Amino acid sequence: MTLAIVLAADPAAGHLTERLAAQWRRAGADDVRIAADLTELADLVAAATGPVLVSGADLVAHTAVLKHLATSPVGPTVALVLTDPPAPGQATVREERGQVVEVDAADASGVFGGALRVGPADLPALADAARRAAGAAPDAPDARLTDPASAPGVGATDGGPRNAVDRLVADLAARGTLIFAQRVRLLVAHRVGDEAQRAAAEAAVAAVDEDRAELKLSVKERDDFFTTFFVSTWSPYVTKAAARIGIGPTGVTMVSVAFAVAAAVLFGVGGRPALVAGAVLLYLGFVLDCVDGQLARYTRHFSAWGGWLDTMADRFKEYVVYAGLGFGATHAGFRYGWALALAAMTLQTVRHMTDTWYGALHDEAARRPKVVTADAGGIGGKLNAASTRVQADTGSVSYWLKRTVVFPIGERWALIAIAAALFGPLVALVAVLVWGTLAFAYTGGLRTLRARWMRVPVMATVDAGLHRDDGLLARTLPTARRPLLLAVLGALGSAGTLVWALLAVHGGGDLPVFVPVLALVLLLGAAQASRAPHEGSLDWLVPAALRAAEYLFAIAVGVAGRAPAWLIFGYVLVLTLHHYDLTARLEKRQSAPPLHAATLGWPGRSLLLAIGLIAGYASIALATLGAYLLVVFVASVVLAWVVLPARARGGVRSPG
């Protein structure tokens, strides 16, 4: 249940207060209250059990602005941020990576918009902030609307009294509350200080077509080159049509999956007509992949299930296409088609792991601005400043080059479609591998330099044991330090085992037993660092190194045991789904999957595969363990998104 509170200390501002209250109702608030002062607001917050929306009565905005704030998926606590010049008593904010990292900053990037949504976990802090603010200064957020001369007395931003809602956001930020910023684009929102400002703001609101603006806002503000110019130019029309006929984002996602699977089948069949048809279906599937997010933003139908499903579906679609290309290349006579598909999937997954953890590192660094700016003259600081300048210069050649060279999903799907249609599956896979490797080297090198400059121990803020996917075996081993060094050694051991296995099989021999045993020893050595502090500036690379170590070891076991290539691909695909589940939960700040302990952890899985290889049953080990993990994954999904939510609701319903 969502509670909206309009703080209106001045009865003379009643017409403005009632208007905002009505807007909050239209924006989706279940209950709307008008609080006379901060003490009453604190009492209402203390009794609330769901999200609380708070605003003063000096805000004139489209109802859609309030709805966007109320339904924002970026985090539980969100503040409205405007680009207007601050009036006396209004808090300025500095935001970085979408987070409000400082209030009343010298280098402010915006002004607090007088409205915020506070998640249930932060409600005690909000209630306490309201009580503290109530005793610190008089509550008169709306007096300026009837007495402009009173504005200077409300307080400036230099430590004196300030508007009531501004005092709340300043207090929350001072407590270290994670506050995300909700910007206003295309729509209108202004805080007004007198009748002339109110009339001007209302005229600006009336001049904008709210629905048309919302449809444009459904497209990401900043997207990649291919998506921006070859998809988003017409996908909003599909979004509008889907909304009219009542198809939800989940339905669009499922159709997109079907298109990608059909494209993979056509790539596997081969022949020019099939390859061209597959390329067209892949493109349309990517358009729908964009439409599901646009539809969610347009209709404001967000859910944790939808976000999770979108992440998992994107990866499944891409890797199914790799499988189709691998089969097609093999069918066309290239012996190592499946090997290229495996390499592409492994490379892309490891890249995504570094993306996730570097994002977590950057978010943590944003909350520690003094650490970030400590060495602005170093190479990392110069790279950070250069990157900031390029990102700000939207539309420039350097901006688009920077966004394209990292090989985002739109460019990957476009390259696959064009290369497969014109040259065939083999060229498509090679192109993906070459560009992907160069992009990985580029981003990895720059991020390593910037991470050393930031000096932020990101792993200290997350559950390292969970997101390393260590399992019970790792927790029983003695603790060792240097987690990154041990993880890299484990990955190198797996890579060496794979190379040895390839050479042995190619020469008609068998892999010596000591080779996988030695690699397993190195892997278990990496597992020993599970409980060690991950305090190094580069320890954000640990999860990616561990993923590489496990995947390469599993591939080596399959190669040495002469398992079918498709079986090895299938096993690694199941592993990637499991690991993307963990990263999606990390990004959404969700708890561990219900059956996570049953997945055995990467050391336990590697040990079982090694035993299977030594016993001469590598194929059986891969098939059995892969099937087991798939069953556990599906059961965990059902528990997490169907059974447990149904129990919490007291009924049984499907997610979505």
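**Notebook: buried residues and helix pairs**

I started at Trp 24, which counts as buried at 0% relative accessibility (buried is under 20% relative accessible area, exposed over 50%, partly exposed in between, with a 1.4 Å probe and protein chains only). The model is predicted, with pLDDT of at least 70 needed for local features and 80 or more for side-chain atom pairs, while totals for chains, interfaces and linings use all residues. Residues are numbered from 1 along each chain as its sequence is written, and side-chain values use heavy atoms, without hydrogens or water.

**Trp 24**

I found Trp 24 in helix 1, residues 14-26 (helices are DSSP runs of H or I with at least four residues, strands are runs of E with at least two, and both are numbered from the N terminus). What does Trp 24 touch, leaving aside neighbours within four places in sequence? I got Ala 4, Val 6, Ala 29, Val 32, Leu 53, Ser 55, Leu 66, Leu 69 and Ala 115 (contact means heavy atoms within 4.5 Å). I also checked the separation from Val 488: 464 residues in sequence, and 53 Å in space from C-alpha to C-alpha.

**Trp 308 and Asp 581**

Next I looked at Trp 308, which sits in helix 13, residues 304-331. Trp 308 is buried, at a relative accessible area of 5%. Setting aside residues within four places in sequence, its contacts are Asp 581, Ala 584, Phe 633, Val 637 and Trp 641.

How long is the polar contact between the side chains of Asp 581 and Trp 308? I noted 2.7 Å (a polar contact is an N or O pair within 3.5 Å; within protein one atom must be able to donate a hydrogen and the other to accept it, and sequence-adjacent residues count only if both atoms are side-chain atoms). Not counting residues up to four places away, Asp 581 touches Trp 308, Met 312, Pro 593 and Phe 633.

For distance, I also took Trp 308 against Trp 566: 258 residues apart along the chain, with C-alpha atoms 27 Å apart.

**His 579**

His 579 is in helix 25, which runs over residues 565-587. Buried or exposed? I have His 579 as buried, with 1% relative accessible area. The side chain of His 579 makes a polar contact of 3.2 Å with that of Arg 547. Beyond four places in sequence, His 579 touches Met 353, Asp 469, Arg 547, Glu 550, Tyr 551 and Arg 605.

**Positive phi**

Arg 300 has phi near 60°. This residue is in the loop between helix 12 and helix 13, and at 12% relative accessibility Arg 300 counts as buried. Leu 600 has phi near 75°. I placed Leu 600 in the loop between helix 25 and helix 26 (601-615), where it is partly exposed at 31%.

**Helix pairs**

Two packed helices are described by the angle between their axes and the distance between the axes. Helix 12 (residues 272-299) packs against helix 18 (residues 409-423) at about 165°, with the axes 7 Å apart (axes are lines fitted to C-alpha atoms, for helices over the stretch in contact, and angles run from 0 to 180 degrees between N-to-C directions). I therefore logged helix 12 and helix 18 as roughly antiparallel (over 145 degrees; under 35 is roughly parallel, 65 to 115 roughly perpendicular, the rest oblique). Their contact residues divide into 13 nonpolar, 2 polar and 2 charged (Ala, Val, Leu, Ile, Met, Phe, Trp, Tyr, Cys and Pro are nonpolar, Asp, Glu, Lys and Arg charged, the others, including Gly, polar).

For helix 14 (residues 337-366) and helix 19 (residues 425-454), the axes come within 10 Å and cross at roughly 25°. Helix 14 and helix 19 are therefore roughly parallel. By class, I noted 18 nonpolar, 5 polar and 4 charged residues in the contact of helix 14 with helix 19.

Last, I checked helix 3 (residues 63-71) and helix 8 (residues 210-217), whose axes come within 10 Å and cross at roughly 35°. Thr 63, Ala 64 and His 68 of helix 3 meet Glu 210, Glu 214 and Leu 217 of helix 8. That contact has 2 nonpolar, 2 polar and 2 charged residues.
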